[in-house]
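Work through the exercises below with the sequence and the model side by side.

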Amino acid sequence: MLQPTHQSLQVAAPAEGASPVRAQPGAWGRVPVRERDQDNPWHTDAVCRRDEAGLFFAPSKEPTAARLSREEAAKRVCARCPVMVECREHALLQPEPYGVWGGLTAAERRVVLARRRRRDLELKKAARAAAGPVAAAG
């Protein structure tokens, strides 16, 4: 459940001249993210604001079967949320260490972040490899 006073909900503005992160049409069944400003942050439209916080965050010593069931219920709420993509990106950029955010559990977000880091490293290696022969020939 998102709390309006929660400090980590502050979303940084894009750098001067940069465009905000947008979802690709069809990604996760969503359309591109609409523009938002500080007067109407993404979390004001979040469906989870109307649901019980316990659905999105685990109680201590929760049995595995209960956790899986709770997480699936939270993901169903996320699936119908109009700001799921913004929520997910917020949780990945912060990063939020606990709970279900944007339809992903903390473990699933760790996997996404690891994949992003690997992809970024591969892209940097490819860029250096492509630039190498040009720099040496010049």
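On a 1 Å grid over the protein atoms alone, a pocket is an open set of points where a 1.4 Å probe fits, with protein on both sides within 12 Å along at least five of seven lines, and its lining residues have an atom within 4 Å of a point. Grid points are joined across faces, edges and corners, and a volume is the space filled by probe spheres set on the points.

This is a predicted model, in which local features need pLDDT of at least 70 and side-chain atom pairs count only at pLDDT 80 or more, while totals for chains, interfaces and linings use all residues. Residues are numbered from 1 along each chain as its sequence is written, and side-chain values use heavy atoms, with hydrogens and water left out.

**Exercise 1. Describe the second largest pocket and its lining.**

Step 1: the space in the second largest pocket comes to about 260 Å³.

Step 2: its lining consists of 16 residues, and those nearest the centre are R67, R70, E71, T105 and A106.

Step 3: Helices α1 and α3 (106-137) each supply at least two lining residues, and α1 gives the most, with six.

**Exercise 2. Where do the residues of the UniProt annotation "binding site" lie?**

Step 1: the unreviewed UniProt entry places this annotation on C48, C78, C81 and C87; its positions are given in the numbering used here, the feature name is shortened, and the annotation may be inferred rather than shown by experiment.

Step 2: these residues span 40 residues in sequence, yet no two of their C-alpha atoms are more than 10.5 Å apart, so they gather at one spot.

Step 3: C48 is in the segment before α1, whereas C87 is in helix α2.

Step 4: check the accessibility, for which buried means under 20% relative accessible area, exposed over 50%, and partly exposed in between (1.4 Å probe, protein chains only). C48 is buried at 11%, C81 is buried at 7%, and C87 is buried at 8%.

**Exercise 3. How many disulfides does the model contain?**

Step 1: a disulfide is a pair of cysteine sulfur atoms within 2.5 Å, and by this rule the count is zero.

Step 2: for C81, the nearest cysteine sulfur, that of C48, is 6.1 Å away. The sulfur of C87 is 5.9 Å from its closest cysteine sulfur, also in C48, which is too far for a bond.

**Exercise 4. Which residues touch the most other members of the largest nonpolar core?**

Step 1: a nonpolar core is a set of buried Ala, Val, Leu, Ile, Met, Phe, Trp, Tyr and Cys residues joined through side-chain atoms within 4.5 Å.

Step 2: the largest such core has 15 residues, among which F56 and C81 touch the most other members. Helices α1 (64-79) and α2 (84-93) each supply at least two of its residues.

**Exercise 5. Which peptide bond is cis, from Q94 or elsewhere?**

Step 1: the bond from Q94 to P95 is cis, with omega near -20°.

Step 2: P95 is found in the loop between α2 and α3.

How values were computed. Helix = DSSP H or I, 4+ residues; strand = E, 2+ residues; numbered from the N terminus.
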